[in-house]
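Hi,

Here is the structure I promised to pass on to you.

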Amino acid sequence: MDNEKLTTESVKPAAPTAAATPRPVAPKPAAPAAPAVPAENLCELQVVAPEALHAEMKRLHDEEQMDFLECLTGMDWEADGLGVIYHLESTVTGKRVCLKTVTTDRENPLLPSVTDLWDVANIYEREVFDFYGIKFTGHPDMRRVFMREDWVGYPFRKDDETEKNNPLRMDNEPLADDTEVLTLQADGTVKSNRREIFEDGDYVVNIGPQHPSTHGVLHFRVALEGERIKKIDPVLGYIHRGIEKMNESLTYPQTLALTDRLDYLGAMQSRHALCMCIEKAMGVEVSDRVKVIRTIMDELQRIDSHILFFSCLCQDLGATTAFLYGFRDREKILDIFEETCGGRLILNYNTIGGVMADLHPNFQKRVKEFIPYMRRNIKEYYDIFVGNVIFHNRAKGVGVLTKEQAISFGCTGGTGRASGWHNDVRKRMPYAAYDKVQFNEVVRTEGDSYARLLVRLDEIMESLSIIEQLIDNIPEGSFQEKMKPIIKVPAGTYYTAVEGSRGEFGVLLESKGDKSPYRLHYRSTGLPLVAVMDTVCSGNMLADLITIGGTVDYIVPDVDR
Amino acid sequence: MKRPKIKSIPYEEFKDNETFEKIVAELNAGGAHVLVKPLDDLINWGRSNSLWPLTFATSCCGIEFMAVCAARYDIARFGFEVTRNSPRQADVILVSGTITNKMAPVLKRLYDQMADPKYVVAIGGCSISGGPFTKSYHVVKGVDQIIPVDVYVPGCPPRPESFLYGMMQLQRKVKVENFFGTTNRKQKDPYKEEMKEQNVELLNQQEEA
């Protein structure tokens, strides 16, 4: 009896949203333009059945040259089943495709793996398994990636009682030595095998989670052969805060606050991406002033991030003076931020439809002072560190990542560009005011640690020139569009990406028309960069792990989300 | 020492002197030894001006900690600049950043590995109460649930000035400590009492036998 009552009650509130008798009345005056044209960032999802998925993916990969798996998102559509959304892009033709696949089996959901086509799918599919419990047949390493191995349930499922099943455990976490491999056999049954992660006789060293040079709490299990690295198995999740799950119970303006805390050195860009995604989905056009302000702020943030990248790399390699030089210049940017935004690191500046406050009267003056100052000081960086022969020996030809590997692993940002991959979102899909400015995409071909450092230093110069072009031409206008007090995004799936400080930061938003998102997924810039560490480091010295990790430039809170 | 002196900040300008005075009163309840106390003060003067922090940072607050270490805020003015990478060499752990359920046992182990006397400073909203992530299923709602905290520094992240203020509060706490232990003649030593009882019991048992 009780059960019946419960079900009927749970259906009732859902029915009006589907039938929508009162709903169309409300949004009509708010967004008259929205229904006429579909939103710019709306994903046209091609639904592919799980059985046909792998063949279709192989066709796209081989025939249509879809060699970049941009984003892979697990989904829980409740009654409609569990599934995955794939975003593919061709680095040759620039064509983009979104696919969707669904399985209705909630007890034992199985989907075919695409790890054989794109290397980065390995870690993405592990993430989906961790959050939704979807197992991928043909995946070589079906383990949890963020949660502890003794975690009960799958936290992102809508019906999971996560907190009840998982009290705080203070015992040491178990780390398995073997992993599960599922293979789909010809007769349709699935066979489960165990596979050792490390081989017998491997000498395994743990680095992290508490280590000063892992840039956060990251844990590597490194198999060594003498002093050379044989294999790296990253253990993530030490700063997994479940931001994506939290977003599902927050209103849209509330979700903004958490983006700043993902990649705190790309706070502006991450928040920009989410704001832009919501604005485009709602059909809100922001003023030119806002676009220019956002562009300048993004570039300042990029300089800030790259300076910190340089400083930390120097610190990791023992050059403390260079660290101090970097922080001296970074403080100048933080001063500029502080005057306008009020914060130093967590800025909370972008809002849906604009920015939080207008520019401070001193802003232009300060920025104009900063540009020549930084151009002069960056020469010091070369004098004190980059030209150093010890650094050359440790960086040149070390940790080489080829272009094909970079694309297959989805390593966007400076890491990919150092390997010769033109992946700058500002050029690929211009947003804000990037179509109005002249700038070069800094690309090198060596793909080693040294190239990765130089790309970032050159990007500082490019960013300065972007700011220089815009700072005198900030158009007049309002800094905040008038928005309704309760923001609701029309139903649909939307994807927007920006060029974050260390690569493509994407936001996938699925809305059911409510005031909070149904699913909000962030394409982390850092997760592919951590996934690639095994490939980049194998064969190099253990000591070079620090140099390579420093130059690949991941931020762990962004990886773990 | 009842009113520890911190260079450049007068005693009255610290914010919660009441809490602090309560601690001092508690520590000195049994009176102070005329010879040991000056020795205490001397040692505490040295200890409070050379607190070595552990390089421990999980997220955003860690970047602010780096900024505090750099030239503008210059943590070396207070003697905190010797950041140690090993917990065995550190005096104070600055918990800067969110502590998740997976990280909690690691943090506890780090704390256990530190040698006494050791101190904990909870930096930022996340380590005080979970901060913006209180509703998350994977975040510890305050590090004081797993390790004892000496000073709380609120902020998200705290400004470098708050960092320094919090560290000065810790210095004051260190300065009033009884490093050589308290000598309270009025109070009976609970350990000795216990041993006495055990001895009596043993004697009784022997007599019975």
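First, some ground rules. This is a predicted model, in which local features need pLDDT of at least 70 and side-chain atom pairs count only at pLDDT 80 or more, while totals for chains, interfaces and linings use all residues. Residues are numbered from 1 along each chain as its sequence is written, with chains lettered from A and ligands numbered from 1 in the order in which they are written.

Chain A has an open sheet of four strands in the order 1-4-3-2, with mixed pairing. (Helices, H or I of at least four residues, and strands, E of at least two, are DSSP runs numbered from the N terminus; two strands pair if DSSP finds at least two bridges between them.) Strand 1 (45–47) and strand 2 of chain A are at the edges with a single partner strand each, so one side of each has no neighbour in the sheet. From one strand to the next the twist averages 25 degrees. Strand 3 of chain A runs antiparallel to strand 4 (residues 96–103) of chain A, and eight bridges join them; His87(A) has Cys98(A) as its bridge partner in strand 4 of chain A.

Helix 4 of chain A packs on this sheet, touching strand 2 and strand 3 of chain A, and its direction makes about 10 degrees with that of strand 2 of chain A. (Contact here means C-beta atoms, placed from the backbone, within 7 Å; axes are lines fitted to C-alpha atoms, for helices over the stretch in contact, and angles run from 0 to 180 degrees between N-to-C directions.) How many of the residues of helix 4 of chain A are buried? The count is 12 of the 12, so the helix is largely enclosed by the rest of the structure. (Buried means 20 or more other C-beta atoms within 10 Å of a residue's own, exposed 12 or fewer, and partly exposed in between, with C-beta atoms placed from the backbone.) The cover includes strand 2 (68–76), strand 3 (82–89), strand 6 (135–137) and helix 17 (526–531) of chain A. Just after this helix, Gly133(A) has a positive phi of about 75 degrees.

Strand 10 (residues 219–225) and strand 11 (residues 228–235) of chain A pair in the antiparallel sense over seven bridges. They form a hairpin with two residues between them, and Gly226(A) in the turn has a positive phi of about 65 degrees. Phe220(A) stands opposite Pro234(A) in strand 11 of chain A.

Helix 10 (residues 320–341) and helix 11 of chain A pack at an angle of about 170 degrees with their axes 10 Å apart. They are therefore roughly antiparallel to each other. (Angles under 35 degrees count as roughly parallel, over 145 as roughly antiparallel, 65 to 115 as roughly perpendicular and the rest as oblique.) By class, this contact of helix 10 with helix 11 of chain A has 11 nonpolar, three polar and five charged residues. (Ala, Val, Leu, Ile, Met, Phe, Trp, Tyr, Cys and Pro count as nonpolar, Asp, Glu, Lys and Arg as charged, and the others, Gly among them, as polar.)

Ile384(A), in helix 11 (residues 363–386) of chain A, is partly exposed, with 15 other C-beta atoms within 10 Å. Leaving aside neighbours within four places in sequence, Ile384(A) is in contact with Thr321(A), Ala322(A) and Tyr325(A).

The axes of helix 9 (residues 288–316) and helix 19 (residues 544–552) of chain A come within 9 Å and cross at roughly 175 degrees, and these helices are therefore roughly antiparallel too.

**Chain B and the contact**

Four strands of chain B form an open sheet in the order 1-2-3-4, with parallel pairing. Its edge strands are strand 1 (53–54) and strand 4 (151–153) of chain B, each pairing on one side only. Val121(B) has Val151(B) as its bridge partner in strand 4 of chain B.

The contact between the chains takes 34 residues from chain B and 36 residues from chain A. On the chain B side, the largest share, five residues, comes from helix 4 of chain B. By class, that side has 19 nonpolar, nine polar and six charged residues.

Happy browsing!

Terms used:
Contact = placed C-beta atoms within 7 Å.
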